[in-house]
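Please keep the sequence and the 3D view open while reading.

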Amino acid sequence: MEAMKKGTPPLVIGNWKMNPQSPSLAVRLGKELKKKLARTEGVDVVIAPPHVYLGSIDAVRNGSKTFSLGAQNVHHEKLGAHTGEVSLSMLKAFGVTHVILGHSERRAEGETDEEVNAKLVRAVKEGVTGVLCVGERKRDPGGHYLSFIENQIRKGLTNIGKGKLAHIVIAYEPIWAIGTGVNATPSDVHEMRLFIEKAVSDIYGRNDAQRVRILYGGSVNGKNVHELFAEGTIDGFLVGGASLHAEEFTQIVRATT
Ligand code: PGA
């Protein structure tokens, strides 16, 4: 069984998506997470709320290192007239250290590989870790989905130099597993981990590619996480639905320690 990346702790990211529906519920969830996660060690935890809650969740953290803050999107330009958009420096002002990019729900809204790449380049340039999401809609017996994923990786990492790889995370999120309750099997996850590692090694060489953490996302919960982590040989998880339940999210985080 492949060992985890040496020297880097696992990473678990909670993607709140467009939840919860009020600031008070967001603060309540943030407080619960801070309390429950207080004694977890040896794992990096990132909470990615909607932009509008970043300030209040940062205030809940109040300097605590229990979790880091992530964003679910950013604009690729540094500044300018971009109605409705948010810049990286605005996010950094709330202590955001990670940004999820190319999530399939954003790609479904029309985001292209080129846009995802421009955002990733912006993030790493400014010292923020970019979480590049890749994944197939469905699996075909001919294995074409593999070249689809390789292409997403190649395009996503265009113009990202070797020196920035410590700021790159790749999240394998098959669309058929997101929010469906049907997770990829641990052996699917293991295979995809090796496949993604090879795709990154083909671009940067094996040594440098080791710096990229590879996560799995798609219907991860407090029950399946143990098997997925042990047999999937993955560096952590990107969690959607279950990240809205402090107790279950804590179980997921603890399963990686
Ligand atoms: P899910 O979502 O855990 O609800 O399947 C994962 C994601 O979309 O990041």
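Which residues are the closest to the ligand, and how many surround it? The ligand is surrounded by 13 residues, and the closest are Lys 17, His 103, Glu 173, Gly 179 and Ser 219; a residue is near a molecule if one of its heavy atoms lies within 4 Å of it. This is a predicted model, in which local features need pLDDT of at least 70 and side-chain atom pairs count only at pLDDT 80 or more, while totals for chains, interfaces and linings use all residues. Residues are numbered from 1 along each chain as its sequence is written, and side-chain values use heavy atoms, with hydrogens and water left out.

By class, the shell around the ligand holds four nonpolar, seven polar and two charged residues. Here Ala, Val, Leu, Ile, Met, Phe, Trp, Tyr, Cys and Pro count as nonpolar, Asp, Glu, Lys and Arg as charged, and the others, Gly among them, as polar.

A side-chain N or O atom of His 103 is 2.6 Å from an oxygen atom of the ligand, and for the side chain of Glu 173 the distance is 2.8 Å. At Ser 219 a polar backbone atom is 2.7 Å from a ligand oxygen. The protein covers 95% of the 280 Å² of accessible area that the ligand has on its own (Shrake-Rupley method, 1.4 Å probe).

The ligand takes up the space of the second largest pocket. A pocket is an open set of points on a 1 Å grid over the protein atoms alone, where a 1.4 Å probe fits, with protein on both sides within 12 Å along at least five of seven lines; lining residues have an atom within 4 Å of a point. The volume of this second largest pocket is about 240 Å³. Its lining has 20 residues, and Gly 179, Ser 219, Val 239, Gly 240 and Gly 241 are the closest to its centre.

The largest pocket contains about 580 Å³ of space. It is lined by 22 residues, with His 51, Gln 72, Asn 73, Arg 106 and Glu 111 the closest to its centre. Its lining comprises five nonpolar, nine polar and eight charged residues.

Lys 17 has a positive phi of about 55 degrees, although it is not a glycine. Pro 20 also has its place in the loop between β1 (11-15) and α1 (23-36), and the peptide bond from Asn 19 to Pro 20 is cis, with omega near -15 degrees. Helices (H or I, at least four residues) and strands (E, at least two) are DSSP runs, numbered from the N terminus.

Terms used. A polar contact is a pair of N or O atoms within 3.5 Å; within protein, one must be able to donate a hydrogen and the other to accept it, and residues adjacent in sequence count only if both atoms are side-chain atoms. A molecule sits in a cavity or pocket if more than half of its atoms lie within 2 Å of its grid points. Grid points are joined across faces, edges and corners, and a volume is the space filled by probe spheres set on the points.
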